[in-house]
Amino acid sequence: MKKILIWGGTGQIGTHLVRKLTQNNYTVTVVTRNIHQKGHIIKTQGNAGYIEIKECSIYDEPKIRKLFESADICINLIGILFEKKNGNTFKNIHSVFPSLLAKLCKEYKLKQFIHISALGINEALDSNYAQSKLDGEQNILKIFPRTTILRPSIVYSSSDNFSCNLMTLLSRLPIFPLYYHGKTKFTPIHCTDLTDIISFVISNKVNSSVIECIGPEVLSFKEILIILLNSINKKRLLIPFPLPLAKITANFFQLLPNPLLTVDQLNLLKYDNVVSGKYKTNFDIGLPAKKIFSKEIKKYSYMWTEGGEYSRKKNV
Ligand SMILES: NC(=O)c1ccc[n+]([C@@H]2O[C@H](COP(=O)([O-])OP(=O)(O)OC[C@H]3O[C@@H](n4cnc5c(N)ncnc54)[C@H](OP(=O)(O)O)[C@@H]3O)[C@@H](O)[C@H]2O)c1
């Protein structure tokens, strides 16, 4: 039975992935910084004996090495959307740590290293997030060229930080700002479509590839907001927000511990999050993502409606 070491396995993608991999008879070791906060979520994702949870800091190389001793495959899902104190910088998280993982994959002769990067990072030259992800990819490929890098567009599910946060904001705010007139394009992929791709990469022993992971539709930010509003039965004014004003609010927000928007995210939002044409996509490798955004959102958007599931017309 192959042993998979997963970094960042307690997040949205990780939780879905652990369920998928254990169902397929892999044993997984999930690493977290806080077993007391995150352990219980992971423990329930597979049968007894399939999941091991370890607490470790990404700066503790001796402990990290111990975890590599029994691993066959390593997956890196650690990522942040904004920088925090205590060394949690884009550089450390997206570039320095993945480089260490690549070094250890080489040293401990692991069969595969799968690193989750992000779509559209080549174009977003004025985003520190994107540039750190790009740096990370380049470093990894120099050290362990057999790595498979997956670049997803927005990943959504009932446990995401994207559609769920937007539905919370849309249900509370009377108006909603449209940055760049809401024209930025996205190719949202459902989390289970992405974990199918990761599972395929493992079972088919795919190495040395960059794969752009996209859903079946291209949607503008405004179209996404309209789908979400329809799903929660709300009408809101979507107002184009002048960029200088957006920058001032982002500068203010980013002083908060969990900012709604940072200047770096505002810069990133300027660029369409669509396939580059330079790399293979999941569609090219025979894994077309099938889940339609509006249909999937309906399966959990009732949580933002008064009356929950009973607010649906079928129940009236
Ligand atoms: N979600 C998307 O739309 C999307 C799109 C493109 C790319 N990606 C990339 O896909 C990967 C996974 O995304 P996700 O949505 O599953 O993320 P997530 O839900 O935010 O989970 C992030 C994970 O990273 C870990 N983490 C965060 N900061 C850390 C730190 N300082 N040290 C160690 N671990 C840290 C967390 O682990 P603990 O808190 O348990 O330690 C958590 O398990 C990320 O690299 C992300 O950039 C995501």
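Strand β1 (residues 3–7) is joined to β4 (residues 73–76) by 4 bridges, the two strands running parallel, and within this pair Ile6 stands opposite Ile75. Strands here are DSSP runs of E of at least two residues and helices are runs of H or I of at least four, both numbered from the N terminus, and two strands are taken to pair if DSSP finds at least two bridges between them. The model is a predicted one, in which local features need pLDDT of at least 70 and side-chain atom pairs count only at pLDDT 80 or more, whereas totals for chains, interfaces and linings use all residues. Residues are numbered from 1 along each chain as its sequence is written.

Strand β4 is also joined by 4 bridges to β5 (residues 112–116), again in parallel, with Ile73 opposite Gln112 and Cys74 partnered by Phe113. Between β4 and β5 the chain passes through helix α4 (residues 90–107) in a right-handed β-α-β crossover, that is, one whose path from the first strand over the helix to the second runs clockwise when the strands point away from the viewer. Ile73 and Ile75 point to one side of β4 and Cys74 and Asn76 to the other, and all are buried (20 or more other C-beta atoms within 10 Å of the residue's own, C-beta atoms being placed from the backbone).

These strands belong to an open sheet of 8 strands with parallel pairing, in the order β3-β2-β1-β4-β5-β6-β11-β14. Because β3 (51–55) and β14 (280–281) each have a single partner strand, one side of each is left without a neighbour in the sheet.

Conventions: Buried ≥ 20, exposed ≤ 12 C-beta atoms within 10 Å, placed from the backbone.
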